[in-house]
Amino acid sequence: MASIQTEREDKYDATSDFVLPSLTELIPKGGAIDVSEVELISSYFDTPDLDLLRRGITLRRRRGDTDTGWHVKVPADKARTEIRLPLGTGEDAQVPEELASVLAGVALGKPLVPVATLTSKRRRHVFTASDGSVLAELADDSVDVQAEGVPDHRWRELEVELGAAGSEATLKRFGKALLTAGAQRGAHPSKLHRALAVNLEKTQMPELGVLAAYLDEQAQAIFAGDVYLRRGLDPIHSTRVAIRRYRSTLRVFGALFDEDVASIMDFELAWYAGLLGEVRDRQVLRARLSDAVHNLPPKLVLGPVAARIENDLLAEQIRHRGIIAAELDGERYRALLTSLGNLSRAFPAAAGAEDVDADELDRLARKAGRKVRRRVAAAVAGGDDAELHRARKAGKRARYAAELTVSIVGKKEATARIERYKAVQEVLGEHQDAVVAAQKLVDLGRKAGVTPGENGFTFGVLYAQEVAAAEAARADVSKLNV
């Protein structure tokens, strides 16, 4: 049975003659440094087209120390999730079925084959606190590469991995010491990426690099979500956010994309987001209504209200999760992942998009902001639920466009835009959540009212609260500064 853990580490590049600085001042009083040496042999597996590596995912078979075993590393924000499986007996290098099934979506149905062997001569420094707990581990690696089509070569790199007793401040202190001594921030997310980067070239126009990088980041999150889903984890929310960012980019900057390609991708992503949304909506409702019931005075809770809410919504959530599980192995979903991978390799630019510059990207982002103002104004004037929902979606698109323009307009200006549209999103999100909750409470109350031993009264109380919450959100809309 595979185990799962999260790791947080920073990488640094160093020359062969780099001298590791004294790090004793980073040890707290009573702490210690334990130094050891080991040789690690890592055999990496991927598809012939390196589909895993293109998504920032690595699969390796490691031998040489206590870290021996099969490892799948999946990027997740600042950290990485690692799925581990023991080597088993013998020298069989066949990828275990348990891991192959987890990676089936990212591999796009292609076989997993050996692509490189990396040998690392590692000098390990383990930094501990006075109680023996690990603060950080510094690995000083000299790496040799053997891979078909790649000249054998060697480099040196440093990795600082956060221990259980460490913090982000710990990593910053180590980083400052290494950079001061002459090390450089790591230019590659993994050793395998550095070894095979020559095989990962993309055919995209430099002028659209900001746009392509943003889309690629979202695609990577979607592929990571696929791995987590197949592992039985819950990446529903993060995957949906990545899909929203991707679709918003296709729409806000639509003039720069091949219309047919963008339209199909938007349609297919909307389909997949819909499947995920059925699960996420129940998760949100369960939490919201559970809190609402527990915040009521006991005298107003008549019958097994909490049980009715939890049992009904959880049953629906499980059913929709099953639908997703079935679709993960379907042709339509596989085609979606294939298209995402293809778009990461070659930007689907519209004719004339090669002339685009940073000012044009900013112009389109600001245009999305003006749409928010128009839709919020229309929603305030009409007060219609549908108008409010449209304004919310416009707010999301403008927020994501502002994220994309950080390197263009500067962090200060981009942050101001993001916060402005985030406020729109939050107020209108509360309205939407209240409307959806009220609708569900009518259904739950109707069932409870005709079920022996239950009572619809409390559902009516909760319904009235949600209606009031929706009205309050409507009133807050007119106060928004957009």
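Visitor: What should I know about the model before I start?

Guide: It is predicted, so to speak of local features a pLDDT of at least 70 is needed, side-chain atom pairs count only at pLDDT 80 or more, and totals for chains, interfaces and linings use all residues. Residues are numbered from 1 along each chain as its sequence is written, and side-chain values use heavy atoms, with hydrogens and water left out.

Visitor: How many helices and strands are there in the protein chain?

Guide: Both are DSSP runs numbered from the N terminus: helices are H or I with at least four residues, strands are E with at least two. Here the chain has 14 helices and 10 strands, and its C-alpha trace spans about 70 × 60 × 50 Å along the principal axes.

Visitor: What share of the residues counts as buried?

Guide: Buried means under 20% relative accessible area, exposed over 50%, and partly exposed in between, with a 1.4 Å probe and protein chains only. Of the 482 residues, 48% are buried.

Visitor: Which residues form the positive surface patch?

Guide: Patches take residues with over 30% relative accessible area and no salt bridge, joining like charges within 9 Å and nonpolar side chains (Val, Leu, Ile, Met, Phe, Trp, Tyr) within 5 Å. A salt bridge is a side-chain nitrogen of Lys or Arg within 4 Å of a carboxyl oxygen of Asp or Glu. Lys and Arg count as positive, while His and the chain ends are not counted; a charge is placed at NZ of Lys or CZ of Arg. In this model K367, R370, K371, R373 and R374 form the positive patch. One of them, K371, sits in helix α10 (residues 358–382) and is partly exposed at 33% relative accessible area.

Visitor: And which residues make the nonpolar surface patch?

Guide: V442, Y463 and V467 make that patch of about 210 Å², an area from the Shrake-Rupley method with a 1.4 Å probe, where only the protein chains shown count as cover for residues. V467 belongs to helix α14 (residues 457–477) and is partly exposed, with a relative accessible area of 32%.

Visitor: How should I read a phi value?

Guide: Most residues other than glycine have a negative phi. L50, which is not a glycine, has a positive phi of about 60°. L50 is in the loop between β3 (32–46) and α1 (51–54), and is buried at 7% relative accessible area.

Visitor: Where does L108 lie?

Guide: L108 is in the loop between α2 (97–102) and β7 (113–128). Its phi is near 60°, a positive value in a residue other than glycine, and L108 counts as buried at 13% relative accessibility.
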